Amino acid sequence: MPAVESNMFPLGEKAPSFELVNVIDGKTVRLEDAKSDIATVIMFICNHCPFVKHVQHELVRLANDYQPKGITFIAINSNDVEKYPEDSPENMKKVAEELGYPFPYLFDETQEVARAYQAACTPDFYVFDGELKCVYRGQLDDSRPNNGIPVTGESIRAALDALLNNEPVPEKQKPSIGCSIKWKN
C-alpha cells in the first residue's frame, strides 16, 4: 500500500471542536473539556497500520513525559471498521489496554472529525496551543518502518518544548507519512 503524506493543516487555524466516545472507558470526550492551557496534541492513529505500529511505544512514552507538564494528548481513529475490523472500537480498547495508552482513544465513526482536521494518514499529528490554535502539524519524527532511524518523537518534542519554554515553535515542519485514512464509500 502506498504511503500518504499529511495535508498540513493551516498554522494558526483553530482546532475543530469534537465530542467523541473514548473506547477505553466509554466516556464522551469534548475537546473543550479535555484541552490543556499549554498544549493539546491530537493524533489520528489506528490499530492495523504498520506506520502506527512502528511508533506506538513512543506515543506512550511521549504522553507519559509531557502529561505531567500539563499537556493533553488525544488519539482518534477514523477508519472504516467494516472494511478494517482490526480498527473496531473493541480492538481499539484491546490495543490501548495492552500498550497502556495514557490518553483517550476516541472513535470517529462518522469520519467528520478526520475531515474537519483534514487528516490524510495514520499517524497524523497536530499540536494546538492553549487557545487551540495550530502551532505544529506533521510528523512525529524522521523514523519510518525499515528506514533504520530510531523512533524518538523529536519533531513533536521540539514543538512541545518550545511551548513549555514560551518560545516560538520551529517553523520547519515535515508532513507525516503513513497509511491513508480508510474512508467509507
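## Basis

The model is predicted, so local features need pLDDT of at least 70 and side-chain atom pairs count only at pLDDT 80 or more, while totals for chains, interfaces and linings use all residues. Residues are numbered from 1 along each chain as its sequence is written, and side-chain values use heavy atoms, with hydrogens and water left out.

Helices (H or I, at least four residues) and strands (E, at least two) are DSSP runs, numbered from the N terminus. Two strands pair if DSSP finds at least two bridges between them.

## The seven-stranded sheet

Seven strands make an open sheet with mixed pairing. Their order is β3-β2-β6-β5-β4-β8-β9. From one strand to the next, the twist averages 30°.

Four bridges join β8 (residues 124-129) to β9 in the antiparallel sense. Y126 has R137 in β9 as its bridge partner.

## The three-stranded sheet

A further open sheet has three strands in the order β1-β10-β7, with antiparallel pairing. β1 (4-5) and β7 (121-122) are at the edges with a single partner strand each, so one side of each has no neighbour in the sheet.

β7 and β10 (residues 177-180) run antiparallel and are joined by two bridges. Here C121 stands opposite S180 of β10.

## Helices on the sheets

Contact means heavy atoms within 4.5 Å. Angles run from 0 to 180 degrees between N-to-C directions, with axes fitted to C-alpha atoms, for helices over the stretch in contact.

Helix α2 (residues 50-66) lies across β4 (39-44), β5 (71-77) and β8, at about 155° to β5. α5 packs on the sheet too, touching β4, β5, β8 and β9. The direction of α5 makes about 5° with that of β8. α2 also lies across β7 and β10, running at about 130° to β10.

## Aromatic pairs

Rings of Phe, Tyr and Trp (its six-membered ring) pair if their centres lie within 6.5 Å; planes under 30 degrees apart count as stacked, over 60 as edge-to-face and the rest as tilted. The whole structure has 11 aromatic pairs. One of them joins F9 and Y117: the centres are 6.0 Å apart and the planes are at 25°, so the pair is stacked. This pair links distant parts of the chain, 108 residues apart. F9 is in the loop between β1 and β2 (19-22), and Y117 is in the loop between α4 (112-116) and β7.

## Pocket and cavity

On a 1 Å grid over the protein atoms alone, a cavity is a set of points where a 1.4 Å probe fits but cannot get out; a pocket is an open set with protein on both sides within 12 Å along at least five of seven lines; lining residues have an atom within 4 Å of a point. The largest pocket holds about 180 Å³ of space. Its lining includes Y136, D142, E154 and K174. Helix α5 (residues 154-164) supplies the largest share of that lining, four residues.

The structure has one cavity of 30 Å³ or more. About 70 Å³ of space lies in the largest cavity. Of the 13 residues lining the largest cavity, V55, P123, S143, R144 and I177 lie nearest its centre. α2 gives the most to this lining, with three residues.

Technical notes. Points joined across faces, edges and corners; volume = space filled by probe spheres on them.
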